[in-house]
Amino acid sequence: AYLALASEDPTTAIASSKEVLLDASKSDGDGDETSRFLASTYSAEALCMLGFPSQALQHLSALIDGTPQIAAAATAICTAPCAPSTEQTASSSPGVAVSPTVVVKSALYTNLAVASLLLQTDNSIQQAQQFLQQASSIHTSPHSLLLQAYLELRAGNADAALETLKR
């Protein structure tokens, strides 16, 4: 699924993700939780690429609701080759290690914000801001800052967008 996304082939990514989700549902274990997590995330991205952000929101929302799944996936994804993040959370000091679960959950909220924007409904910007606020309340990432700057620009707040980018 990852390779299909990298090759800009969302249809194959969805098919591969469905296959992984089917296989993972047949067994129990942390590896299966990681597979489910990644397959759902890749499916959501592929659905956005195909113009189905509402379905992507469903995939991402299910992951947010599955906190143990997030913890298992985050731990598995961010082991050996990944150094612990020293990015700042909303409640920590600079240079303090951040738990992989916090980083992953924040990334999911940021992705929910992006998918909300893609819906292009009357309340999509407000919904995106709410998701982004949730993401930033637990961890401030470069992606969430860029999205915040984008939202400020859309609202006509160029000075606020510049301040956000300076963080």
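Contact here means heavy atoms within 4.5 Å.

**View 1. Overall fold of the predicted model.** The chain comprises 9 helices and 0 strands. From the N terminus on, its elements run α-α-α-α-α-α-α-α-α. Of the 167 residues of the chain, 37% count as buried. Among contacts in the chain with a separation of 6 or more, 57% are accounted for by residues 24 or more positions apart.

**View 2. Confidence along the chain and the stretch of residues 80–93.** The chain has a mean pLDDT of 83, and 81% of its residues reach 70 or more. Over residues 80–93, the pLDDT is below 50.

**View 3. Packing of helix 4 against helix 6.** Helix 4 (residues 53–65) packs with helix 6 at an angle of about 160 degrees, and their axes are 9 Å apart. Helix 4 is therefore roughly antiparallel to helix 6, since angles over 145 degrees count as such. The crossing of these two helices is left-handed. Helix 4 contributes Pro53, Ser54, Leu57, Leu60, Ser61, Leu63 and Ile64 to the contact. From helix 6, the contact is made by Lys105, Leu108, Tyr109, Asn111, Leu112, Ala115, Ser116, Leu118 and Leu119. By class, the contact of helix 4 with helix 6 has 11 nonpolar, 4 polar and 1 charged residues.

**View 4. Packing of helix 6 against helix 8.** The axes of helix 6 and helix 8 (residues 142–154) come within 10 Å and cross at roughly 30 degrees. Helix 6 is therefore roughly parallel to helix 8, an assignment that applies to angles under 35 degrees. Helix 6 passes helix 8 in a left-handed crossing. On the helix 6 side, Thr110, Ala113, Val114 and Leu117 make the contact. The helix 8 side consists of His143, Ser144, Leu147, Tyr150, Leu151 and Arg154. The residues of this contact divide into 6 nonpolar, 3 polar and 1 charged.

View 5. With a relative accessible area of 5%, Thr110 is buried, because the cut-off for burial is under 20%. Leaving aside neighbours within four places in sequence, Thr110 is in contact with Leu132, Ala135, His143, Ser144 and Leu147. Among these partners, His143, Ser144 and Leu147 belong to the helix 8 side of the contact with helix 6.

Definitions and conventions: Residues are numbered from 1 along each chain as its sequence is written. This is a predicted model: local features need pLDDT of at least 70, side-chain atom pairs count only at pLDDT 80 or more; totals for chains, interfaces and linings use all residues. Side-chain values use heavy atoms; hydrogens and water are left out. Buried means under 20% relative accessible area, exposed over 50%, partly exposed in between (1.4 Å probe, protein chains only). Axes are lines fitted to C-alpha atoms, for helices over the stretch in contact, and angles run from 0 to 180 degrees between N-to-C directions. Helices (H or I, at least four residues) and strands (E, at least two) are DSSP runs, numbered from the N terminus. Angles under 35 degrees count as roughly parallel, over 145 as roughly antiparallel, 65 to 115 as roughly perpendicular and the rest as oblique. A crossing is left-handed if the near helix is turned anticlockwise from the far one by less than a right angle, and right-handed if clockwise. Ala, Val, Leu, Ile, Met, Phe, Trp, Tyr, Cys and Pro count as nonpolar, Asp, Glu, Lys and Arg as charged, and the others, Gly among them, as polar. pLDDT is the predictor's confidence in each residue, from 0 to 100.
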